Amino acid sequence: MFKMINKNSILYIGILIFGIAAPFLFPAFKVQLSILCVLIVLATTWNIQGGEMGYNSFGNILFYGLGMYLCASVQVGMFFPLAEWTESGGEKTFVHTPAQFFQGMAVGLIVAAIVPTIVAGLIGYSILGLRGHYFAICTLGLGVAAGEISGGIEIIGAGQGFTTPPFPEVGSLDSRGEFFYFLSFFVLVLTFIAVRGIYTTRFKLILNAIRDNEDKAEAMGIETMKYKIIGWMISAFFCGLAGGIMGGLVGYIDSTDVAFDGREMGVFMVLMAILGGKGTLWGPIIGATVFHIFKEGFWTFFLGWQYVALGVLIVVIVIYFPEGIMGWLREKYPERFGEVIDEKDRKAQVELK
Amino acid sequence: MISVQACLDGILLGILFALIAYGMALQWGVMNIINIAQGDLVILGGYIAYFMYLYGIHPAWGVIVSPIIMFFVGIAIYKLVINKVVDRDLFISILATFGISILFMQLMNFAFGADVVLANSDYGTTMLFNSNVVLPNSKIFSAFISILFAICLVIYMKKSKLGRAIRATAQNARAAKILGVDTEKVYAATFGINAALCGVAGALISITFTIHPYMGLPYTIRSFMIVIVAGLGNLPGVAMSGMGLGVFEEFADYILGTEFRIGSVFLLLVLILVYRRFKLSRKREYLK
């Protein structure tokens, strides 16, 4: 047991050091690395619903977009009139001083994390009472509705979009990338610690029980609804944070193409978790990394055909690879996952068939 | 008068929705698959009619040509993708068809461009109530054609051998298999018929309204909504809730403004599902 912990902690420390050193090792890929961190956060939090709880949500994008809009709005609205800012369409009539920028970002991120959590809590009771595909379609509708409605609201830019405050000129040229990288990496570490913490407690077992048989779980005296809502709120918290960071990183928010982008981010998080293997701690992380490398490596290669490639990728992964990388590894090396397989027993079963 | 206009528009629009929803109910009932690409099949059907219009053929012929082409497109989709997800988890089929939807959306965007297009049928308009209410004849035509197709399909499902096989499979796939129904063939035919229905609806939509490569998903959501309100295999219900949805949409368009039209459709879906959930949870049941 102790040996395991040692091995794991060495791994964690190694990853942490690599994470901190990464922007200096690969200075050209800072933005990509930050996006990767955000993607991992999204995939990991989606996994709480889709993997552990069995509630396949297309609606986590709601919290992501909400966080994005909230963070940017707070960051602007704290110092300048918001309506005029969006109307000017990113013209530099208002300039944040560095102190204002960072203050706004900090408060904005806090709001971006807390409000989606509250929203998740409020709508959770209604939405999470749905099951299976009804839940999936309902959350899909929720995400699209949010995108369409926010695209009609004037104060946050309506159709023409919302330009987030530009990064102030402090430090060297690289400081923008470094700032956003470390911010997203920090959120990633936070997410990982939180999720890992959750997965070691009874909470995870309850979520699994809900996935396996909700009625029986309820019959065993578990207040399933409470745990479902808490699970969703945890997801919403980190999705909101990720959205806030992504808004600052992209620098421009559009209702249907950036914030509530069900066609890209909303599917990506599902796809990444499934690719890595849902219902595992490391699956979404591996899936997100592989997916992001694939996407960045080949997206330029397809040039305009990205969505065609994405569609094909979804179909292929879902049909031929539904267990994901972790599932494949588990089948290949069951001992590594702490499963003991009796070869004789296995053969006997095969013969029985 | 505007409300009369909106009502009539909505009813004529709703009949089209009901046709699409009927296709969805068919495949949902038979194959237990929710096809997110439904709307994209509709749009593809619309583009077929639009292309006939571009080449100088009257787009109304699209009502005949489009379902024939779409039938084979549907069977191709079934053979390539759907038959691998029929017996699997429902979420797998939702995600797989979502992938198909994205694929179609983008392919149509490449092939036909991202412009909003309309096939002009030159049918003129009908004025009612001292020309306070204007009804394009194309809308009346499309409603008439959809009703015709729906009636034909119902009769076909009742009388023909394939129709009986489809209904038997919907009731119990295993029993049907035992009794010698080739369920694989039935599934393929069902998906083809669904795609053909989408083709008809799409051709009619391209005549009466506009089509655009990215407009597919709202049609999927509308038909899903109609099916869950009406229930599977409840044909009058599908027609009624289709018309109701059409009227709702026209009023939402008129009251809230066009930019919230699609948003209100999706929001209505969420509200309907939540309403159903609360209604059922009183009996400690849930939607399934």
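**Reading the contact between chains B and A**

Mentor: In this predicted model, 36 residues of chain B are in contact with 33 residues of chain A.

Trainee: Which elements give two or more residues to the side of chain B that touches chain A?

Mentor: The size of an interface is often given as the accessible area lost when the parts come together. Here we can go through the contributing elements instead: they are α3 (62–85), α4, α9 (216–230) and α11 (261–281) of chain B, and of these α4(B) gives the most, with 14 residues.

Trainee: How do the residues of that side divide into nonpolar, polar and charged?

Mentor: On the side of chain B that touches chain A, 28 residues are nonpolar, while four are polar and four are charged.

Trainee: At what angle do helix α2 and helix α4 of chain B pack?

Mentor: Helix α2 (residues 38–54) of chain B packs against helix α4 (residues 90–112) of chain B at about 20 degrees, and their axes lie 10 Å apart. Because angles under 35 degrees count as roughly parallel, α2(B) is roughly parallel to α4(B), and their crossing is left-handed. From α2(B) the contact takes B:Asp40, B:Ile43, B:Leu44 and B:Tyr47, and from α4(B) it takes B:Ser101, B:Phe104, B:Met105, B:Met108 and B:Phe112; these residues divide into seven nonpolar, one polar and one charged.

Trainee: Where in chain A is confidence lowest, and where is it highest?

Mentor: Where pLDDT is low, the predicted coordinates should not be read in detail. Chain A averages a pLDDT of 81, with 88% of its residues scoring at least 70; within chain A, confidence is lowest in helix α16 (residues 343–352), at a mean of 62, and highest in helix α10 (residues 224–250), at 89.

Methods. Residues are numbered from 1 along each chain as its sequence is written. Chains are lettered from A and ligands numbered from 1 in the order in which they are written. This is a predicted model: local features need pLDDT of at least 70, side-chain atom pairs count only at pLDDT 80 or more; totals for chains, interfaces and linings use all residues. Axes are lines fitted to C-alpha atoms, for helices over the stretch in contact, and angles run from 0 to 180 degrees between N-to-C directions. Helices (H or I, at least four residues) and strands (E, at least two) are DSSP runs, numbered from the N terminus. Angles under 35 degrees count as roughly parallel, over 145 as roughly antiparallel, 65 to 115 as roughly perpendicular and the rest as oblique. A crossing is left-handed if the near helix is turned anticlockwise from the far one by less than a right angle, and right-handed if clockwise. Two residues are in contact if their C-beta atoms, placed from the backbone, lie within 7 Å. Ala, Val, Leu, Ile, Met, Phe, Trp, Tyr, Cys and Pro count as nonpolar, Asp, Glu, Lys and Arg as charged, and the others, Gly among them, as polar. pLDDT is the predictor's confidence in each residue, from 0 to 100.
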